[in-house]
Amino acid sequence: MSETNEGGPSPLDPSVPEDEPRANAKREPPVLPTRLPLLPLKNIVVFPHLPTPLVIGRAASMRLIDEAMVRDRIVALALQKDPEQEEPPPDQLYGVGTAAVIQRLLKFPDNTVRVLVAGLQRIRIERVSRGEAYLMADVSPLPDRYEPSVEVEALAKNLTNQISRMLALMPIASDELGVALLNVDQPGRLADMAAALLVRDPLLKQEYLETLDVDERLRKLTRQISRDIEVMEIGSKIQQQVQDEMDKGQREFVLRQQLKAIQKELGDGDETEAEIARLQGAIDKAGMPEAAKEAADRELKRLRTMSPAAAEHAVVRTYLDALIAMPWSKETKDTIDIKGARVILDEDHYDLEKVKDRILEFLAVRKMKAGTKGPILCFVGPPGT
């Protein structure tokens, strides 16, 4: 079993017991030993001045904790590069870690140990050797590189504003988390606390742990949190759109069911639904172009909500019948016979000589230049004219 934060206090809960020092308390850092027992961690990065729960399951790690408890309780913590390795070699540990003090220890019946550690300060792991049961490391402290300036104050203020925006988008964020993050008055600790509580990727956390320049750490975190805020806002917008569409669909379903019930009570529900279904099938089979299909679907939707007794019902129905009857996907082969066309026009239409001449003139041009594009004749009017 690996060292994780499962089973301990929530990583989003910055509270510590009343008898423990707060993350923002000012105190002199302890003098660290130059050689410390080294505890490899899987997917967890511990930052200075922050309490972090760990679950210890490896036999070597449990022995390390037991022996540290009877000494000074101080251990070195380092993220291992491959979380799948149970016994990582020294070259599989990152060279920058954290010295921490063990504050609490609980043993559980499942042969695991829960410990609460508090980070003391960053350390560089100079050399790793294997002791009798666990790893030992020669370490040196890594203090923050920090020069007070107006720029650093502005970076810290901007990061605080970004944190406020991010917390507002997090439904699981507690008020205590917001109070803890927004009341840190030291830029370096603000960056560490934000990285520990708001960043999920352990590799990113390790990058922030290795960034000793406070101003650079603030800039990196501001960029990271800004990206996270953008992703959360887009996700929230998409979720709202999906919810609105679901609400609209449910509302239309309820109204349609109510309309069916009303039509059934009036005695025309079954006939209307059957007619709507027939028209929908005819529209689907007509082979209409996209624009015509959209117009037909729109009018059919209107027809669905109309009462058959409404005056506009017949108008919409006639319009749909005309659209369906159009030969959208049918073609005929032209047979241009000028003399035959004259006979047909004279038999079917009385007088209208100018119109007949125009039609024959059009047919003659098409017969001479069949492959060219030309005007289209549109006949409008009642039959026989």
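**Reading the buried side of a helix**

The buried residues of H11 pack against helix H10 (338-348).

Student: Happy to start there! What kind of model is this?

Tutor: This is a predicted model, so keep that in mind as we go.

Student: How many residues does H11 have, and what span does it reach?

Tutor: H11 has 16 residues and reaches 22 Å from its first C-alpha to its last, close to the 22 Å expected at 1.5 Å a residue.

Student: Which residues of H11 are buried?

Tutor: Here is the general idea: an α-helix has 3.6 residues a turn, so residues three or four places apart point the same way. In H11, the buried residues are Lys356, Ile359, Leu360 and Phe362. They cover an arc of only 155° around the axis, which puts them on the same side of H11.

Student: And what does the face turned away from that side carry?

Tutor: That face of H11 carries the exposed residues Lys354 and Met368.

Student: Why does Lys356 count as buried?

Tutor: Buried means under 20% relative accessible area. Lys356 counts as buried because its relative accessibility is 3%. Not counting residues up to four places away in sequence, Lys356 touches Arg342, Leu345, Asp346, His349, Tyr350 and Asp351.

Key:
Residues are numbered from 1 along each chain as its sequence is written. This is a predicted model: local features need pLDDT of at least 70, side-chain atom pairs count only at pLDDT 80 or more; totals for chains, interfaces and linings use all residues. Side-chain values use heavy atoms; hydrogens and water are left out. Buried means under 20% relative accessible area, exposed over 50%, partly exposed in between (1.4 Å probe, protein chains only). Contact means heavy atoms within 4.5 Å. Helices (H or I, at least four residues) and strands (E, at least two) are DSSP runs, numbered from the N terminus. The expected span of a helix is 1.5 Å times one less than its number of residues. The arc is that of the directions from the helix axis to the C-beta atoms.
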